[in-house]
Amino acid sequence: MTRRAVIVLNPTGGRGQAGRRRAELERLLRDAATQRPACALKWEIVESSSAGAATQIAARSAETGATIIAAAGGDGTLNEVLNGVIGTGATLALLPLGTGNDFSRTAGLFGSLRLAVETLFDGLDRPIDVGLVNGRYFLNVAGCGFDAVVAARANHGPRWLRGAPSYVLALLQTLARFRPADVVLTLDGEASARRLMLCSVANAQTYGAGMRIAPDAMLDDGLFDVCILGAAGVVEFILAFPRVFNGTHVAHPKVTILRASCVRVESSSPLPLLVDGEVIGATPAEFTIQPSAIRFLFPQPQARSAAP
């Protein structure tokens, strides 16, 4: 039976990279269809023209019978598509064409658009967990504090600067003025008062274009990995910061990693809320895990090892 895939393309993703690579994407899709005639996949590309449009396109596509709905863009586009697909029974997929492309790292799709396209045709369809915060679903990482301020600055940084360098620049610009916050953090019903720089609630492993904030996070364990960074001085922070790229920051004395299925953050003053790379709202915030809430297409193991 022929399956139908709708690819929701955000032309502004990756500072315009997604739009510029549309012709390449179409060529890869045609090549994959030619090489895999038995896969019987009919595909179409629909561009999202404004914020929130990807959610509407995804929901409408599922209602009209699409069995696979793919986000072509970055983590923000993936989040929008997720919020349109969840609960419909359609399978979610990703063609990473964004700035950070962090969820693609955990999913095994990072660095190869060809692999991501081929995964649409013959990938592994399996259930994964989804996070929910203040009514918004997320796949990758959410949280509040310093990282949310950095993300907001990075998202509006120089157009010529992408990926990790844009986040590092934003981080250094933010560090001089940011002050730790007093919060009450409740994990699975146990509350504690803390003074912290950030609280990252991770379903996947990386954010900020490759920062391994939760290096042991799993997509199907029914738990968040919660990374808490206590109050730290500027020099201490700068010296320890590079460790987040290989995940060894978890051994730092100011870092605590906890696991929970429900996390609530209340702060003395509102802290910006980061959800899959975008700042959406502020604290107070409650994060709950939704086990096996959506199906996602992963690359075949042999395809992943052979990807350029």
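This is a predicted model: local features need pLDDT of at least 70, side-chain atom pairs count only at pLDDT 80 or more; totals for chains, interfaces and linings use all residues.
Let me begin with a polar contact of 3.2 Å, which joins the side chains of S200 and Y207; a polar contact here is a pair of N or O atoms within 3.5 Å, where, within protein, one must be able to donate a hydrogen and the other to accept it, and residues adjacent in sequence count only if both atoms are side-chain atoms. Residues are numbered from 1 along each chain as its sequence is written, and side-chain values use heavy atoms, with hydrogens and water left out.

S200 lies in strand β9, residues 190-202 (strands are DSSP runs of E, at least two residues, and helices are runs of H or I, at least four, numbered from the N terminus). S200 is buried, with a relative accessible area of 0%, where buried means under 20%, exposed over 50% and partly exposed in between, using a 1.4 Å probe and protein chains only. Leaving aside neighbours within four places in sequence, the residues in contact with S200, that is, with heavy atoms within 4.5 Å, include V141, D147, Y207 and D225.

Let me turn now to the helices. Helix α6, residues 113-122, is mostly covered, since eight of its 10 residues are buried, among them L113, V117, L120 and F121. The residues of α2 that meet α6 include L25, L28 and A32.

Definitions and conventions:
Axes are lines fitted to C-alpha atoms, for helices over the stretch in contact, and angles run from 0 to 180 degrees between N-to-C directions.
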